[in-house]
Each structure stands twice: as structure tokens, then as C-alpha cells.
Amino acid sequence: MTTEVVVRTGLAYGSGGKLMDVYRPAGASGPSPTVLLWHGRGPDERDVLAPVARATAELGVIALVPDWRPDAADGGRTHLLDSALFARQHADDFGGDPERIVLAGWSLGGKAAVGVAANPAAFDDWRPRAVVGIAGAYGTVAPSTGTAPLDDLRRSRSQAPPAPVWLVHGTADPVVDVERSRELRTALEKENWPVSLDEVATDHAGVIMTEFVPEQDRCLPSTANHAVAAGKRTALALAAAAGIRPAR
């Protein structure tokens, strides 16, 4: 049975009044785990993550999906910080558990999320319960921290206990090669971090249940079998990181 999902759109957060959508499972009996899910390089593209956010909420997880602007003067860092602070302060307003917040992101957002785990000191000293990187590359500077996640791991910059890291990547991704997630998995394993990599048979857009439409220069929801299957796998990874393991 599919859980009914309640969606609240256009909620303002932060001093700049950026917008956020909230996807939550209806009828939850107690506080639910919460995922803060960052979109990729396109500015203010929270709608792109709607299909996978809904699929995640259907599994019993509250998904908070904010707009942010990687083209801002600071690379979007203020928006990312504001969204994380909002999630920590207001998760319980939506029936979430502020002590069980997973940080996740797709593409550039995935790099930003992993960056927080690798260098929490550069992100308000916040350490989420777990991190999910979806189709990200981790060897260059993350907008969340101003440092490269792989460099931070190799320098052992973080003194806090390792956070569990879940990775999902399409094996047919022409934008960010799956080797980037394999590289991160190897680095995490070397540092004894708990890590899981799910390789799925899809492309960069399909991993979040979308397809890139050149005419609109945007990823839109897809009903292609590979995208639907991959998006469900991503939702399962997000739920598992949040402590929910539904049957596949």
C-alpha cells in the first residue's frame, strides 16, 4: 500500500526568503525521520526533485526540498546554511524528528552534502545523522564548505565520529561518471567510514526519476522504466539512511 503524501509548497526560509517544499507522509503516529534534500547546479530548481521527494515521503520520511542558487556570489553557501538551520529548528513543525535529520543532495547538491560530513567545522559545526550523495563528484570544492570532500577526508580534517554515507549513481551517467562515487567509496572505506554505493542502470537525470528536456533546459518527471526504477532505488537509499528499511 502506498502511503498518502501531503505536500506544502512555497514555504519561505532564511533571511533571503528562499522557498522550500515539504513532503510528508500522512497519518504518521510519531515523529518521522527527516531528509533535507538539495538540488543540483541549476538555480532555484527544487521542483526537479519533486518525484524522488514524493517517493521518499511514501516510505515514511519527511523530505524538505529548498531552492538555492549556486550562482550566488558565495556559491550558494548562505542558502545551504539557512536551509540546514531551518530544518534543525523546524523539523518538528512538520511532524519530523530534529534529532534524525539526514542531509542529501543530487549532483552539485550531493557534493555539498558530502562536504558537510567531511568538514562539519566549515558548516556551522553541524553533523547530520547520515548523508546521501546522489550522482555527485567529490574531488573539487563543495559550495557548502569551500573545500573538496576528498581532500578533507584524506587530511582527516574532521575530528567528529564518521557519519554513515549512502551513495547512489547511474552507471550510464554522461554528466558525472559513476567512477566519481566509486572513488569516494574507496576513500571513505580507507578512513573506516560506513559507506554504501548503489549503482543503478540509468543516467544523471534518471537517478532522481526525471529526464533532461533540452527545449526547456530542465529535468522534468519521467515515466521511463529505467528512471522510475532508479528513482525508487534512490528513495530507498534515502529512507535507509533515515533508519527506515521497507521491503524492496
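**Exercise 1.** Is Trp 38 buried or exposed?

*Solution.* The model is predicted, with local features needing pLDDT of at least 70 and side-chain atom pairs pLDDT 80 or more, while totals for chains, interfaces and linings use all residues. Residues are numbered from 1 along each chain as its sequence is written, and side-chain values use heavy atoms, without hydrogens and water. Buried means under 20% relative accessible area, exposed over 50%, and partly exposed in between (1.4 Å probe, protein chains only). Trp 38 has 0% relative accessibility, so Trp 38 counts as buried.

**Exercise 2.** Classify the ring pair of Trp 38 and Phe 123.

*Solution.* Rings of Phe, Tyr and Trp (its six-membered ring) pair if their centres lie within 6.5 Å; planes under 30 degrees apart count as stacked, over 60 as edge-to-face and the rest as tilted. The centres of Trp 38 and Phe 123 are 5.9 Å apart and the planes stand at 65°, so this pair is edge-to-face. Phe 123 is also buried, at 0% relative accessible area.

**Exercise 3.** Classify the pair of Phe 86 and Phe 94, then name the cluster that holds both.

*Solution.* The ring centres of Phe 86 and Phe 94 lie 6.3 Å apart with planes at 35°, so the pair is tilted. Phe 86 is buried at 12% relative accessible area, and Phe 94 is buried at 11%. Ring pairs join Phe 86 and Phe 94 with Tyr 13 in a cluster.
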